[in-house]
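This report describes a single protein chain.

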Amino acid sequence: MTNTHAPAPKRTLAPQRKAVLRVQVLMAEHDIRFVTELWKRLNAMGVDISHSQLTRVVNNSTKSLSIDLLEGLATLFDCPVSSLFKDVSAEPA
């Protein structure tokens, strides 16, 4: 008996989105020159993050973000959470 099933259609993958944090830009706009200053301000607001993890966030090399950190940054920079990110999915490579 032969196989009469049609081959499965090939799946096309959606373009991969890459969100980039704008923390460095926002720091400059708010005259915050060093990660240590940002870290102190966030800690004063009750945001619990290590200096080394915050450095990874500022340098866009972190793999995860907490809701508390996102809310803290948005409060500190007086912006919506969406303004913390730059969507580069539509930009040419």
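## Overall layout

The secondary structure of the protein chain consists of four helices and two strands, where helices (H or I, at least four residues) and strands (E, at least two) are DSSP runs numbered from the N terminus. Along the sequence the elements follow the pattern β-α-α-α-α-β. This is a predicted model, in which local features need pLDDT of at least 70 and side-chain atom pairs count only at pLDDT 80 or more, while totals for chains, interfaces and linings use all residues. Residues are numbered from 1 along each chain as its sequence is written, and side-chain values use heavy atoms, with hydrogens and water left out.

The protein chain has 93 residues, of which 25% count as buried. Buried means under 20% relative accessible area, exposed means over 50%, and partly exposed lies in between (1.4 Å probe, protein chains only). Among the contacts in the protein chain with a separation of 6 or more, 56% are between residues 24 or more positions apart; contact means heavy atoms within 4.5 Å.

## Helix α2

Helix α2 spans residues 35-44, and V35, L38 and L42 are buried in it. These residues cover an arc of only 60° around the axis, which puts them on the same side of α2. The arc is that of the directions from the helix axis to the C-beta atoms. As a general point, an α-helix has 3.6 residues a turn, so residues three or four places apart point the same way.

The cover over the buried residues of α2 includes α1 (23-29), α3 and α4 (67-76). On the face of α2 turned away from its buried side are the exposed residues K40 and A44.

## Helix α3

The buried residues of α3 are Q53, L54, V57 and V58. Seen down the axis of α3, they fall within an arc of 140°, so they line one face of the helix. They pack against β1, α1, α2 and α4.

Q53 lies in α3, which runs over residues 51-58. The side chain of Q53 makes a polar contact with the side chain of R56 at 2.7 Å. A polar contact is a pair of N or O atoms within 3.5 Å; within protein, one must be able to donate a hydrogen and the other to accept it, and residues adjacent in sequence count only if both atoms are side-chain atoms. Not counting residues up to four places away in sequence, Q53 touches T62 and S64.

H51 is also in helix α3 and counts as partly exposed, at 30% relative accessibility. Leaving aside neighbours within four places in sequence, H51 is in contact with V35, T36 and W39. H51 and W39 are 12 residues apart in sequence, with their C-alpha atoms 6.3 Å apart in space.

## Loops and positive phi values

D31 is in the loop between α1 and α2. Its phi is near 60°, a positive value in a residue other than glycine, and D31 is exposed, with a relative accessible area of 61%. Just after α2, G46 takes a positive phi of about 95°.

M45 sits in the loop between α2 and α3 and is partly exposed, with a relative accessible area of 38%. Beyond its neighbours within four places in sequence, M45 is in contact with G72, T75 and L76. The C-alpha atoms of M45 and G72 are separated by 7.2 Å, although these residues are 27 residues apart along the chain.

N60 is in the loop between α3 and α4. At 37% relative accessibility, N60 counts as partly exposed.

## The largest pocket

The largest pocket has a volume of about 180 Å³. On a 1 Å grid over the protein atoms alone, a pocket is an open set of points where a 1.4 Å probe fits, with protein on both sides within 12 Å along at least five of seven lines; lining residues have an atom within 4 Å of a point. Grid points are joined across faces, edges and corners, and a volume is the space filled by probe spheres set on the points.

The lining consists of K18, A19, V20, L21, N60, S61, T62, K63, S64, L65 and F85. Strand β1 (residues 19-21) supplies the largest share of this lining, three residues. By class, the lining has five nonpolar, four polar and two charged residues. Here Ala, Val, Leu, Ile, Met, Phe, Trp, Tyr, Cys and Pro count as nonpolar, Asp, Glu, Lys and Arg as charged, and the others, Gly among them, as polar.
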